[in-house]
Amino acid sequence: MGTKTDDVAGVETGAEAKSDEETVDVTKTTDVTKADEPAKADVEADDQAVAEDEEGDDLPEAELEAERDASGVGQGAAAVVSAGLGIVSLTGSWVSTVAAARETLTGQLQTSSSASVATQVREVYGDAWSVTALVGGLFALVALIVGVVVLARPAFGAPGKPQAPWIKSVAWAGVALGVVGLLLAIAKYTDLLLGLPSTS
């Protein structure tokens, strides 16, 4: 009888020991899980912060790309303006026509009928032609300046955005036309080209 009682007591003691071990294991597992939760929360917060930083980095790049596109449009328009002004300097404009007509009228009013032929030619025609050359030279000078500014713009802009080839071509055309127009205007204004006819 004593042996059976001891066996039962031993079994119960073993069962209690196992129950205590399971309780300890469960407690440890719960503690580990609770300890992991803040770490997981921190990792998720870090991932979210990284994603927000990446999104924030995308915005300046998009804005920079928009600025580059706007700069390209402006350079293209300026190049076209330069070429147009160069053509106007060679072919003439209504500004030069009106200025020449006004100078002719002024010369007729200020020149008496008794003046010499050379004086009348110079006052009525020579001054008008000089004014035409002067206006054409101003157009050519503006075309030259605008073309040079367009060609030099990439050196002062965004380094990662090359200038479009067609912008360079049109700008160079404006510079060339401006130089030719300016040289012709100077030659005409100084009577090196198409001077006044001799009246002697």
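Colleague: In what order do the elements of the chain run from the N terminus on?

Modeller: Helices are DSSP runs of H or I with at least four residues, strands are runs of E with at least two, and both are numbered from the N terminus. Here the order is α-α-α-α, and the chain has four helices and zero strands. This is a predicted model, in which local features need pLDDT of at least 70, side-chain atom pairs count only at pLDDT 80 or more, and totals for chains, interfaces and linings use all residues. Residues are numbered from 1 along each chain as its sequence is written, and side-chain values use heavy atoms, with hydrogens and water left out.

Colleague: At what angle do helix H3 and helix H4 pack?

Modeller: Axes are lines fitted to C-alpha atoms, for helices over the stretch in contact, and angles run from 0 to 180 degrees between N-to-C directions. Angles under 35 degrees count as roughly parallel, over 145 as roughly antiparallel, 65 to 115 as roughly perpendicular and the rest as oblique. Helix H3 (residues 117-152) and helix H4 (residues 165-189) pack at about 155°, with axes 7 Å apart. H3 and H4 are therefore roughly antiparallel.

Colleague: Which kinds of residue make up the contact of H3 with H4?

Modeller: Ala, Val, Leu, Ile, Met, Phe, Trp, Tyr, Cys and Pro count as nonpolar, Asp, Glu, Lys and Arg as charged, and the others, Gly among them, as polar. The contact of H3 with H4 has 18 nonpolar, seven polar and two charged residues.

Colleague: Is Ile-167 buried or exposed?

Modeller: Buried means under 20% relative accessible area, exposed over 50%, and partly exposed in between (1.4 Å probe, protein chains only). Ile-167, in helix H4, has a relative accessible area of 3% and is buried. Of the 200 residues of the chain, 19% count as buried.

Colleague: Which residues does Ile-167 touch?

Modeller: Contact means heavy atoms within 4.5 Å. Leaving aside residues up to four places away in sequence, Ile-167 touches Gly-72, Gln-75, Gly-76, Ala-79 and Val-150. Gln-75 is 92 residues from Ile-167 in sequence, yet their C-alpha atoms are 7.0 Å apart.

Colleague: How many aromatic pairs does a search of the whole structure find?

Modeller: Rings of Phe, Tyr and Trp (its six-membered ring) pair if their centres lie within 6.5 Å; planes under 30 degrees apart count as stacked, over 60 as edge-to-face and the rest as tilted. The search finds one pair: Tyr-125 and Trp-129, tilted, 6.2 Å centre to centre with 45° between the planes. Tyr-125 and Trp-129 are four residues apart in helix H3, so about one helical turn separates them.
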